[in-house]
Amino acid sequence: MRRKLVIGNWKMNGSIAKNQLLLEAVIAGVQDLHHVDCVVCVPYPYLGQAQALAQGTKVIWGAQNLCASEDGVLTGGVSPHMLVDYGCQYVIVGHSERRMLSHETDDTAAARFIAAIKAGLTPIFCMGETKEERESDWTDYVVGRQLDSILRRFGPEVLAKAVLAYEPLWAVGTDNPATPEQAQQVHKFIRHRIAKCDAHVAKSVRILYGGSIQPSNAPALFAMHDIDGGLVGRCSLDAQAFVAICAAAN
Ligand code: PGA
């Protein structure tokens, strides 16, 4: 049985004052949810704040990106061990916004992915197709290629230490979520592809859906056989909505 997981991706939002209110409300809201893991991925400057507030609570914290290399000459870089230093357990890798706006490729995402694993962090590896790709019936090809960038390089075993997220680009940051059936179809495809390499890993790896998750559509999405939780953007900035989504997973 895979334990449900809900991850809030705050993106480039927050302030010390706002984060405190938000985190305190989330911590209080999820404290009695015993069947779901709740994570917030916060901007780098607020990792220390997240650690101070969430330590000893049910809320786990993580980051939204990392550099693939160790400490060294890389102005503006944040290394895997720095995230570990701040108690992070999770880190998002290959989010579509980084693939589109920050020149992330399958190769650079794979390098970050394995750097996270080596540091003992759990990468949340994002995959998803554009609207045009879906309309051309290329969803399986695109998602398969993104998944293979990990599977082919590192083998299926590493996925036992990772989380996968299917995030169709046409659903991220829009008000146009995938239907539970549309999402389930791709999740099943992902799991089958992994099963061809390793049936045990395929059964145990958590595959999250992301893209316009709200309290209203979360229950139906999370009821799908291969959907093990969600990666939540906008609604993770609203404590009441985020807690409601965690409760749906619970
Ligand atoms: P959204 O973002 O929930 O605002 O669509 C999801 C994501 O980018 O992870």
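Student: Which polar side-chain atom lies 2.7 Å from an oxygen atom of the ligand?
Tutor: That atom belongs to His95. Bear in mind that this is a predicted model.

Student: What about backbone atoms, which residues put a polar one 2.8 Å from a ligand oxygen?
Tutor: Gly173 has a polar backbone atom 2.8 Å from an oxygen atom of the ligand. For Ser212, a polar backbone atom is likewise 2.8 Å from a ligand oxygen atom.

Student: How much of the ligand does the protein bury?
Tutor: The protein buries 99% of the 280 Å² that the ligand exposes when taken alone.

Student: And how many residues are around the ligand, and which come nearest?
Tutor: There are 13 residues around the ligand, and those that come nearest are Lys11, His95, Glu167, Gly173 and Arg234.

Student: Where is Lys11 in the chain?
Tutor: Lys11 sits in the loop between strand E1, residues 4-9, and helix H1. Its phi is near 55°, which is a positive value in a residue other than glycine.

Student: Which other residue has a positive phi, near 70°?
Tutor: Asp137, again a residue other than glycine. Asp137 is in the loop between helix H6 (131-135) and helix H7 (139-154).

Student: New topic. How do H1 and H2 pack?
Tutor: Helix H1 covers residues 16-30 and helix H2 covers residues 47-54; they pack at an angle of about 35°, with their axes 10 Å apart.

Student: Is that crossing left-handed or right-handed?
Tutor: The crossing of H1 and H2 is right-handed.

Student: Which residues make the contact?
Tutor: From H1 they are Ile16, Asn19, Gln20, Leu23, Glu24 and Ile27, and from H2 they are Gln49, Ala50, Leu53 and Ala54.

Student: How many of those are nonpolar, polar or charged?
Tutor: In the contact of H1 with H2, six residues are nonpolar, three are polar and one is charged.

How values were computed: Residues are numbered from 1 along each chain as its sequence is written. This is a predicted model: local features need pLDDT of at least 70, side-chain atom pairs count only at pLDDT 80 or more; totals for chains, interfaces and linings use all residues. Side-chain values use heavy atoms; hydrogens and water are left out. Axes are lines fitted to C-alpha atoms, for helices over the stretch in contact, and angles run from 0 to 180 degrees between N-to-C directions. Helices (H or I, at least four residues) and strands (E, at least two) are DSSP runs, numbered from the N terminus. A crossing is left-handed if the near helix is turned anticlockwise from the far one by less than a right angle, and right-handed if clockwise. Contact means heavy atoms within 4.5 Å. Ala, Val, Leu, Ile, Met, Phe, Trp, Tyr, Cys and Pro count as nonpolar, Asp, Glu, Lys and Arg as charged, and the others, Gly among them, as polar. A residue is near a molecule or strand if one of its heavy atoms lies within 4 Å of it. A polar contact is a pair of N or O atoms within 3.5 Å; within protein, one must be able to donate a hydrogen and the other to accept it, and residues adjacent in sequence count only if both atoms are side-chain atoms. Accessible areas come from the Shrake-Rupley method with a 1.4 Å probe; for residues, only the protein chains shown count as cover.
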